[in-house]
Amino acid sequence: MVTPESILTLSRRAVVAPAGHGKTELIAKVAALGRRTLVLTHTHAGVHAIRTRLQRMHVPSDKVVVDTIASWARQYVQAFPGRSGRPAHHPNKPNWDDIYLGAAWILQSPVVQEVIKASYDRVLIDEYQDCEQYQHLIAGWLSCIVPTVIFGDPMQGIFEFVETKIGWNDSVASYFTHAYELQIPHRWAAANTELGKWIAETRQRLMTGEPIDLRDGPINYIQSSNAFDMSLFFDEFNSRTGSTAAINCWRNTCNDLAKSTRGAFQAIEEIAAKRLMDFAEIWDISVFAPQARADGLRSLIDDAITRAPAAPGHPSDANLDMEISTAWGLLSTSGSAESALEVLKLERSHPLSRTFRGELIGDTRRALSEIMDGRHQSLVAASEAVRQRLSRIGRAPMARTISTPLLLKGLEFDHVLIPDAIHYTRQKSAAAKSFYVAISRARHTLTISSKTPILEFPLPNL
């Protein structure tokens with residue numbers, strides 16, 4: 001059994017940690033044993049998860065520094081600008097390759113190395129399977145200065161579409177040699193031990209290219225060739241307690257599925273928030289074209305809110321319809337943020353309307369409010385500020401969500417639904433890994449629909 005004390009003896013080694021096997025807890029316990037530990041990860045959500053675990057363990061904040069690799073590298077480049085050998089970076093739109101290369105160059109300085117030794121007695125790097133080549137370079141130089149241990153899972157390295165992404169077997173393992181692989185599936189110990197065992201066994205089958213039989217194990221298999229078969233979403237709807245996630249590889253399909261459920265399941269947005277930024281750009285270039293601003297908002301609302309036609313027993317609201325029409329007319333002539341906010345409020349309140357991309361609407365409302373209050377001069381800047389806050393604090397929990405493995409990696413849910421599982425086998429990259437990430441989000445129940453119960457994946461690129 002791997003213990004925190006055993007990790008303390010390691011340097012330039014790797015710990016393989018399958019999903020749900022207690023990696024975050026182990027990292028926190030190791031960090032707590034050190035005098036001054038630096039813990040690096042990739043996302044603000046990861047930073048939050050580790051800090052929360054440390055607080056729960058009553059570890060003094062001055063004993064552990066937790067940060068993203070990006071933020072930590074940027075701080076050192078800013079602190080030693082003359083030693084980075086890279087051009088000055090834009091404060092709002094940095095070139096991250098330049099920052100990572102600058103940080104790696106700085107770490108070769110004897111002066112900076114002494115600063116590192118005085119600041120930290122060890123470095124722990126989480127989610128290492130997501131590292132890019134220049135982040136790997138930083139880790140390599142850190143490991144030359146203080147004892148460094150990395151934690152990750154090659155079966156969760158689903159960012160293969162990134163050109164600078166490194167492979168575990170060909171890049172990571174040759175530098176950070178294997179020390180341990182975590183064996184106990186803690187996530188399912190108090191929830192569904194049989195499910196945890198099946199997911200662990202499925203991981204091994206996926207790694208070796210063996211077929212997966214969905215009729216085996218403690219999962220619910222539904223034979224269906226249609227991703228939009230709503231029985232997957234609404235059968236046993238009322239009996240599911242806690243959180244539920246439906247996971248599909250295609251972003252647009254997730255939006256369409258959320259729309260088909262009429263908002264019972266919510267689609268979530270990627271951090272880059274392309275749809276919000278597209279609207280913000282239209283808004284900013286249409287200063288003297290209020291109708292264009294109104295058209296842009298109408299298009300965004302169509303992508304986020306669905307309205308059922310009036311029918312017997314489900315009538316419209318004539319007075320509200322008139323208010324909405326008036327509000328649109330005012331926006332078309334004024335083009336003001338205040339008018340746009342009024343439109344959003346009224347459209348959402350209509351009794352026949354259902355919002356299925358609530359995060360998009362909420363972010364739009366917050367960005368427009370920032371403009372109205374004078375905190376930003378452009379909607380693009382306001383939208384970027386809104387999304388940066390979200391990346392730092394994390395999104396509010398949703399009872400039912402639909403999203404991709406990319407956006408849900410690192411999260412867990414009481415119940416997971418996989419619509420049309422056969423589409424995972426057709427992914428151009430990381431097919432087996434994406435399926436593993438999806439199924440391992442489930443704590444209590446896993447329900448999978450597929451045309452065939454046998455899924456065959458290509459060998460993963462490890």
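**Helix pairs and a sheet**

This is a predicted model. Start with helix α2, residues 23–33, and helix α3, residues 44–56: their axes are 9 Å apart, and the two helices pack at an angle of about 60 degrees. That angle makes α2 oblique to α3. The crossing of α2 past α3 is right-handed. On the α2 side, the contact uses Thr 24, Glu 25, Ala 28 and Ala 31, and on the α3 side Ala 49, Ile 50, Arg 53 and Leu 54. Sorted by class, that is 5 nonpolar, 1 polar and 2 charged residues.

Now to another pair. Helix α12, residues 274–285, and helix α13, residues 290–302, have axes that come within 9 Å and cross at roughly 170 degrees. The two are therefore roughly antiparallel to each other. From α12, Arg 275, Phe 279, Ile 282 and Trp 283 take part; they meet a set in α13 including Ala 292, Gly 296 and Leu 300. The residues of this contact divide into 6 nonpolar, 2 polar and 2 charged.

Next, the sheet. Which order do its strands take? The order is β8-β15-β14-β9-β13-β10, an open sheet of 6 strands with parallel pairing. At the edges stand β8 (220–223) and β10 (266–267), each with a single partner strand, so one side of each has no neighbour in the sheet.

Further in, β9 (residues 244–247) pairs with β14 (residues 413–418) in the parallel sense, over 3 bridges. Ala 246 stands opposite Leu 417 in β14. Lying across β9, β14 and β15 (442–450) is helix α19, residues 431–439, which runs at about 130 degrees to β15.

Terms used: Residues are numbered from 1 along each chain as its sequence is written. This is a predicted model: local features need pLDDT of at least 70, side-chain atom pairs count only at pLDDT 80 or more; totals for chains, interfaces and linings use all residues. Side-chain values use heavy atoms; hydrogens and water are left out. Axes are lines fitted to C-alpha atoms, for helices over the stretch in contact, and angles run from 0 to 180 degrees between N-to-C directions. Helices (H or I, at least four residues) and strands (E, at least two) are DSSP runs, numbered from the N terminus. Angles under 35 degrees count as roughly parallel, over 145 as roughly antiparallel, 65 to 115 as roughly perpendicular and the rest as oblique. Contact means heavy atoms within 4.5 Å. Ala, Val, Leu, Ile, Met, Phe, Trp, Tyr, Cys and Pro count as nonpolar, Asp, Glu, Lys and Arg as charged, and the others, Gly among them, as polar. A crossing is left-handed if the near helix is turned anticlockwise from the far one by less than a right angle, and right-handed if clockwise. Two strands pair if DSSP finds at least two bridges between them.
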